[in-house]
Amino acid sequence: MMGKSSSTGQLLFHLFAVFAEFERNLILERSSSGRIAARARGRYGRRPEKLSKQDLNLLKTLYDNGTTINTIAEQWQVSHTTIYCYFNKLGKRKMENKEKYLLNFSKAKCKEATQKFNIIKPFILGDQSLSR
């Protein structure tokens, strides 16, 4: 095996590096042209949606009526993570559990928790950044 210390070793090292870079650029060009061709056919690289808008409306209704996430997921044969992702897209779950969470506290604890929640609420909702 030849090392990089000799001029021949350096030449071979640089040649392999050039071929690797060339091959990587070919891969990038082919990927880019494939994406452009797919867009021309109406494809944008996303997975097809599991649930239709009609399913989402029914899902929201079931959840509002107290059906658990796991039960809903079993009905549509998707994971509970998929259901949570749809809720996050809809903005459904952002602050809805605040009241349920606060019911477990006494009045004083509830007031304290509400004050703390109101302090961190802008950071959770993204209205205010941590850097000032």
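1. What covers the buried side of helix α2? The cover over its buried residues includes α3 (69-76) and α4 (80-90). Contact here means heavy atoms within 4.5 Å. Helices are DSSP runs (H or I, at least four residues), numbered from the N terminus. This is a predicted model: local features need pLDDT of at least 70, side-chain atom pairs count only at pLDDT 80 or more, and totals for chains, interfaces and linings use all residues. Residues are numbered from 1 along each chain as its sequence is written, and side-chain values use heavy atoms, with hydrogens and water left out.

2. The buried residues of α2 are Leu 56, Leu 59 and Tyr 63. They line one face of the helix, because they fall within an arc of 60° seen down its axis. The arc is taken from the directions from the helix axis to the C-beta atoms. Gln 54 and Asp 64, on the other side of α2, are exposed. Buried means under 20% relative accessible area, exposed over 50% (1.4 Å probe, protein chains only).

3. Just after α2, Gly 66 has a positive phi of about 100°.

4. The largest nonpolar core has 12 residues, including Leu 56, Leu 59, Tyr 63, Ile 72 and Ile 83. Such a core is a set of buried Ala, Val, Leu, Ile, Met, Phe, Trp, Tyr and Cys residues joined through side-chain atoms within 4.5 Å. α2, α3 and α4 each give two or more residues to this core. The largest share, four residues, comes from α3.

5. Ile 72 touches Leu 59, Leu 62, Tyr 63, Thr 67 and Ile 83, not counting residues up to four places away in sequence.
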